[in-house]
Amino acid sequence: MDDSVVKKILVIDDEVYIRDSVIGFLEDFGFEVIGAENGRIGLERFEKQNPDLVLCDLRMPEMDGLEVLAAVTQKKSKIPIIIVSGAGNISDTVEALRLGAWDYIIKPIQDMNVLYHAVSKAFERAELLKEKYQYQKDLEKANKELTFSLETLERAQDQLVQSEKMAALGELVAGVAHEINTPVGVGVTAASFLEAKTSEFKKTYSSGQLKRSELENYLQTVEEVSNSILINMERAAELISSFKQVAVDQSSQNRRRFNLKEYISEILLSLRPRYKKTGHEIKVNCDENIDLNSFPGAFSQILNNMIMNSLIHGFEDMENGIIQIDITRREDKEDTILFIYQDNGKGMNQEQKEKAFDPFYTTMRGKGGTGLGMSIVFNLITQTLKGSIDCDSSIGNGVRFTMKFPEHWEES
Ligand SMILES: Nc1ncnc2c1ncn2[C@@H]1O[C@H](COP(=O)(O)OP(=O)(O)OP(=O)(O)O)[C@@H](O)[C@H]1O
Ligand SMILES: [Mg+2]
């Protein structure tokens with residue numbers, strides 16, 4: 001019981017003798033007690049005085065105890081109410097308890113200590129309820145704050161993933177520019193050579209001294225050089241179209257139909273600038289007839305991350321690393337694609353293996369690693385492609401990622 005403030009009790013009873021003795025008894029215990037001689041007055045005093053507890057008789061003129069109870073609990077649902085009723089009113093007492101009375105005392109009250117006990121028990125319970133309510137409120141508030149921090153964190157992670165994607169796209173664009181430079185450069189050189197040869201030829205022709213051998217010579221040069229221009233321009237066009245597709249897919253979440261084998265070679269073409277000056281090699285074995293209606297961008301990001309990881313981590317101290325990619329339709333299960341990616345690099349220790357998919361886990365902190373690569377791969381495989389991924393690796397034995405995902409599924 002909270003002893004710091006005097007508790008106010010309203011006693012509603014039409015029998016003056018009982019009312020006065022109850023009031024006197026409770027006042028002796030230091031309570032502030034207000035009396036009321038019937039239900040209607042009781043209710044008026046309840047509203048004016050705002051007591052902490054109500055003691056109420058059941059049988060009263062004007063307004064009986066059950067009506068008072070209903071009106072009081074409607075105004076203040078958590079207020080303790082104790083019914084004081086004659087021994088003959090058992091069914092009304094039961095009804096009163098059902099309506100929200102906290103306790104009851106049988107009249108005549110033979111032992112006033114019973115009354116005191118009921119009153120102090122009710123106050124204790126009210127205090128506990130108040131604490132529980134406060135506790136619940138605090139919990140709800142803490143919960144709200146936690147949810148908010150979680151949302152903020154998730155947003156921050158989304159932003160990071162997004163900027164990671166943009167960085168990958170930026171690198172891709174730089175790689176494209178570099179790769180296309182060669183065929184375009186050769187094309188420009190060949191075209192200007194052709195131009196020089198042609199103006200020389202024109203001069204000789206205008207002077208009327210053109211020899212047959214010079215004509216033949218010129219024609220042969222034109223044929224060779226234009227052929228070289230054609231080959232190089234075709235190469236540039238081919239590079240641009242595959243880069244374009246990979247870049248679009250990498251930046252979007254579009255679902256479309258594509259042949260997995262063809263698409264993987266486009267991805268590898270776009271990654272070639274990253275490893276072509278090294279002795280590393282990428283070998284691909286993919287069933288020809290896997291046509292997916294899926295998210296090509298996911299495959300591009302998965303391979304991008306895995307290959308970059310092999311180049312940066314796996315082949316850190318090696319010159320002739322080998323990446324092997326095997327993609328098959330599982331024989332026992334028609335509908336499942338088995339995608340195995342392995343490298344023969346330095347491998348991972350137990351901790352790296354366990355944490356590789358954790359966001360922000362990296363052994364290259366401060367050296368360009370954010371630790372998001374494999375967690376993005378994990379999310380793409382499990383959420384976008386609705387599949388699974390396992391990592392097998394030990395120090396000195398390279399890594400092996402086994403991925404499985406359904407060939408067909410309906411978007412939910
Ligand atoms: N092929 C691999 N060989 C050896 N270790 C690897 C390989 N792939 C991943 N790892 C280990 O797993 C860690 C997590 O890889 P993840 O791609 O998530 O992060 P990261 O490459 O360090 O950084 P980020 O990809 O964000 O630039 C790496 O730091 C590395 O220790
Ligand atoms: Mg990485």
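Student: In this predicted model, which helices each supply at least two residues of the shell around ligand 1?
Tutor: The shell around ligand 1 holds 23 residues, and the closest are Asn309, Thr362, Gly369, Gly373 and Met374. The helices that each give at least two residues to this shell are α8 (296-314) and α10 (373-384).

Student: Which residues of helix α2 are buried, and which are exposed?
Tutor: Helix α2 runs over residues 39-49, and its buried residues are Gly39, Gly42, Leu43 and Phe46. These four cover an arc of only 100 degrees around the axis, which puts them on the same side of α2. On the other side of α2, the exposed residues are Glu44 and Lys48.

Student: Which residue just after α2 takes a positive phi?
Tutor: Helix α2 covers residues 39-49. Just after α2 there is a residue with a positive phi of about 50 degrees, and that residue is Asn50.

Student: Is Asp390 buried or exposed?
Tutor: Asp390 has its place in strand β11, which covers residues 388-393. Because Asp390 has 9 C-beta neighbours inside 10 Å, Asp390 counts as exposed.

Student: What distance separates the centres of the two domains?
Tutor: The protein is divided into domain 1, covering 8-110, and domain 2, covering 252-406. Taken over C-alpha atoms, the centres of domain 1 and domain 2 are separated by 77 Å.

Student: Why is the protein described as more spread out than a compact globule, and what is its radius of gyration?
Tutor: The protein has 10 helices and 12 strands. For 412 residues the globule rule gives 22 Å, and the protein is more spread out than a compact globule because its radius of gyration is well over that value, at 43 Å.

Student: What does the C-alpha trace span along its principal axes, and what share of the residues is buried?
Tutor: Along the principal axes of the protein, the C-alpha trace spans about 145 × 55 × 45 Å. Of the 412 residues in the protein, the share made up by buried residues is 26%.

Methods:
Residues are numbered from 1 along each chain as its sequence is written. Chains are lettered from A and ligands numbered from 1 in the order in which they are written. This is a predicted model: local features need pLDDT of at least 70, side-chain atom pairs count only at pLDDT 80 or more; totals for chains, interfaces and linings use all residues. A residue is buried if 20 or more other C-beta atoms lie within 10 Å of its own, exposed if 12 or fewer, and partly exposed in between; C-beta atoms are placed from the backbone. The arc is that of the directions from the helix axis to the C-beta atoms. Domain bounds come from an automatic or database domain assignment. A residue is near a molecule or strand if its C-beta atom, placed from the backbone, lies within 6 Å of it. The radius of gyration is taken over C-alpha atoms; the globule rule is 2.2 Å times the number of residues to the power 0.38.
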